[in-house]
Amino acid sequence: MSLKYRTKGFVFKKEERGESDQTFAVFTKDFGRLELKAKAIRKITSKLRADIDIFYFSEIEFIQGKNNKTLTDAVKINKFDEIIKDYEKLKVTNQITYILDNFIKGQEKDEATFNLLEEILNKLSAGEQKGPYGESACGRQIKNYQLAFQYFFWNFVSLQGYHLEVQNCACCQNKLNPYDVYFSAREGGIICKNCLAPSAKQRINSDVVKALRLILKKDWQTISKLKIEQHSQKLLEDILQNAVHTFCPVHC
């Protein structure tokens, strides 16, 4: 008799198999990443199809077979309608799921990452945010959900063991002058002018240093009120991409 396992998880990837099957990649609270086969789920008569899909947060039940795990039950907890209906929120969710797919390959319990994922999804599905990067040309506050992705990414890589040094120089450990600093993912964070190396070509400013420090402190209340100039926003995006291509096993 096969043992049944039950847990909660977020569906971040799905693929069709054969005429009526699907496989789901789910990041779960108790097992980390799982690849689940859902038999005949694309049939109209399937009892599973209403409660599990891409970007759903569901309670799932599965059995472990010889070669794969088979989904046996699902109960929808949240399908994040607020995210699906908003292009900017959906874009960020796609970025988050791409990071999950490329960083996390094997099954291993990681409750801290699960909690971070749940936290950021709840933030994205909440009400309208004030733009942390200033105002649009017409003077209205903009919604900039890229800040949520920055928050997720830097805390995620920290949980995976990639410690980012933002208080002192990542090379010499001397106190930083935030007005003359550079960023290098390969060196492990922010470095001073004296330690400038070929791998650190991105000069950053005090706004970026402040944002990174607040993100790693997980001070969302302060972060959400930040007004960062567009130039600093671009710098944050550039160093994030630099880190993604440095850390990610498959370049994103």
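F153 is buried, with a relative accessible area of 0%; buried here means under 20% relative accessible area, exposed over 50%, and partly exposed in between, using a 1.4 Å probe and protein chains only. Before I continue, a word on the source. This is a predicted model, in which local features need pLDDT of at least 70 and side-chain atom pairs count only at pLDDT 80 or more, while totals for chains, interfaces and linings use all residues. Residues are numbered from 1 along each chain as its sequence is written, and side-chain values use heavy atoms, with hydrogens and water left out.

Let me begin with the aromatic residues. Rings of Phe, Tyr and Trp (its six-membered ring) pair if their centres lie within 6.5 Å; planes under 30 degrees apart count as stacked, over 60 as edge-to-face and the rest as tilted. By this rule the count comes to 14 aromatic pairs. One of them joins Y151 and W220, whose ring centres are 5.1 Å apart and whose planes stand at 80°, so the pair is edge-to-face. Y151 belongs to helix α4 and W220 to helix α6, so the pair ties together parts that are 69 residues apart in sequence. Helices here are DSSP runs of H or I with at least four residues, strands are runs of E with at least two, and both are numbered from the N terminus. Y151 is buried at a relative accessible area of 1%, and W220 is buried at 15%. F153 and W154 also form an edge-to-face pair, 5.1 Å centre to centre with 75° between the planes. W154 counts as buried, at 1% relative accessibility. One aromatic cluster is formed by F103, F149, F152, F153, W154, F156, Y162 and F183.

I turn next to the packing of α4. How do the axes of α3 and α4 cross? The axes of helix α3, residues 111–125, and α4 come within 10 Å and cross at roughly 180°. Axes are lines fitted to C-alpha atoms, for helices over the stretch in contact, and angles run from 0 to 180 degrees between N-to-C directions. That makes α3 roughly antiparallel to α4, a label for angles over 145 degrees, whereas under 35 is roughly parallel, 65 to 115 roughly perpendicular and the rest oblique. Residues in this contact (heavy atoms within 4.5 Å) include L116, I120 and L124 of α3 and Y151, F152 and F156 of α4.

Helix α5 spans residues 206–216, and its buried residues are V208, V209, A211, L212, L214 and I215. Among the elements that cover them are α4, β6, β7, β8, α6 and α7. N205 caps the N-terminal end of α5, with a side-chain oxygen 3.1 Å from the backbone nitrogen of D207. Such a polar contact is a pair of N or O atoms within 3.5 Å; within protein, one must be able to donate a hydrogen and the other to accept it, and residues adjacent in sequence count only if both atoms are side-chain atoms. Just after α5, K218 takes a positive phi of about 60°.

Finally, the sheet. Three strands form an open sheet in the order β7-β6-β8, with antiparallel pairing; two strands pair if DSSP finds at least two bridges between them. β7 and β8 stand at the edges with a single partner strand each, so one side of each is left without a neighbour in the sheet. Four bridges join β6 to β7, and S184 has G189 in β7 as its bridge partner.
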